[in-house]
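Reader: I am new to this structure and would like to be taken through it. Could we settle a term before turning to the details?

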Amino acid sequence: ILILHMHSISVQCRLSKLRSIISSKTGEVLQTRPKILPHKSTAIVDIRLDRPLCMELFSDFQQFGRFMLRTNSQT
């Protein structure tokens with residue numbers, strides 16, 4: 001179980017699906033449907049929240065499009 005932190009809100013969530021691992025420099029897909037997510041990698045994932053939460057797209061409004069995932073005191 002992960003904790004999603006956004007501004008002053010903290011909500012429990014789960015990673016429901018790993019879609020792909022992408023290159024952080026070029027943005028191209030390196031691997032589709034990976035089994036595990038390597039340390040310090042960039043990926044596209046599906047997150048399932050325990051309750052509904054209103055968020056903005058980062059591309060539309062950067063200040064309100066940021067969030068952080070934490071588990072066991074690790075980001």
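This is a predicted model: local features need pLDDT of at least 70, side-chain atom pairs count only at pLDDT 80 or more; totals for chains, interfaces and linings use all residues.

Reader: Thank you. Is Asn72 buried or exposed, then?

Author: Asn72 has a relative accessible area of 71%, so it counts as exposed. Asn72 belongs to the segment after strand 5 (68-70).

Reader: What is the phi of Asn72?

Author: The phi of Asn72 is near 50°, which is a positive value in a residue other than glycine.

Reader: And His7: where does it lie?

Author: His7 is in the loop between strand 1 (2-6) and strand 2 (9-22). Its phi is positive, about 60°, although His7 is not a glycine. His7 counts as exposed because its relative accessibility is 53%, and the threshold is over 50%.

Reader: Turning to the whole chain, how many helices and strands are there?

Author: The chain has five strands and zero helices. Its C-alpha trace spans about 35 × 30 × 20 Å along the principal axes.

Reader: What share of the residues is buried?

Author: Of the 75 residues in the chain, 16% are buried. The chain exposes about 6,200 Å², and carbon and sulfur atoms supply 51% of that area.

Reader: One last topic: how far apart are the mean positions of the positive and negative charges?

Author: They are 9 Å apart, for 11 positive and 5 negative charges in the chain.

Technical notes: Residues are numbered from 1 along each chain as its sequence is written. Side-chain values use heavy atoms; hydrogens and water are left out. Helices (H or I, at least four residues) and strands (E, at least two) are DSSP runs, numbered from the N terminus. Buried means under 20% relative accessible area, exposed over 50%, partly exposed in between (1.4 Å probe, protein chains only). Accessible areas come from the Shrake-Rupley method with a 1.4 Å probe; for residues, only the protein chains shown count as cover. Lys and Arg count as positive and Asp and Glu as negative; His and the chain ends are not counted. The place of a charge is taken as NZ of Lys, CZ of Arg, CG of Asp or CD of Glu.
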